[in-house]
Amino acid sequence: LESESPIQFLHPMGERLLASGVRFGMLEEGRPCAWVHCEQQTGLYAFDGMHWNREAIPEPFRDLRTTSEGVDQGGRWHDMEHDGQSELLVANPERQHILRKQDQRWVVHDVFPYPIVDEQGRDAGTRLVDLNGDGFEDE
């Protein structure tokens, strides 16, 4: 399957190409989604099986960035509840929380205990792992 993408994955900044920080996850009913918010573009897109369609930006996402001047801001999609719908983890030194869709609205659901990235957007070493062998990541 080939599909045109409205999403720009790289953008020029001076002589360099910087990653836009596109993050992929799953919305309700197993719809793949992509979220990006950097200086050059902002959007939440859902894939309908043929095309990427722009969705309304949820209120809690509006001040969150995927990158800032090419620096990773620690946003990640992950299915924390194991229900097939991704939650948005926001985990950098300034913010650590989990956004979850409840009753058609995105809300801060919980606190994420550790940053995923440091101040410079580098990997902070946080991992989601299955410690007890039940097949699900432990919190």
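Modeller: A disulfide is a covalent bond between the sulfur atoms of two cysteines. Here a disulfide is counted when a pair of cysteine sulfur atoms lies within 2.5 Å. By that rule the count is 0 disulfides. For C33, the nearest cysteine sulfur is that of C38, 17 Å away. This is a predicted model, where local features need pLDDT of at least 70, side-chain atom pairs count only at pLDDT 80 or more, and totals for chains, interfaces and linings use all residues. Residues are numbered from 1 along each chain as its sequence is written, and side-chain values use heavy atoms, leaving out hydrogens and water.

Biologist: Is C33 buried or exposed?

Modeller: Buried means under 20% relative accessible area, exposed over 50%, and partly exposed in between (1.4 Å probe, protein chains only). C33 is buried, at 0%. C38 is buried as well, with 4% relative accessibility.

Biologist: Which residues touch the most other members of the largest nonpolar core?

Modeller: In soluble globular proteins, nonpolar side chains tend to be buried together. A nonpolar core is a set of buried Ala, Val, Leu, Ile, Met, Phe, Trp, Tyr and Cys residues joined through side-chain atoms within 4.5 Å. The largest one here has 13 residues, and W35, F61, L64, W77, L88, L99 and W106 touch the most other members. A second, separate core of 7 residues includes M80, L89, I98 and F112.

Biologist: With which side chain does the side chain of H78 make a polar contact?

Modeller: A polar contact is a pair of N or O atoms within 3.5 Å; within protein, one must be able to donate a hydrogen and the other to accept it, and residues adjacent in sequence count only if both atoms are side-chain atoms. The partner of H78 is the side chain of E137, at 3.4 Å.
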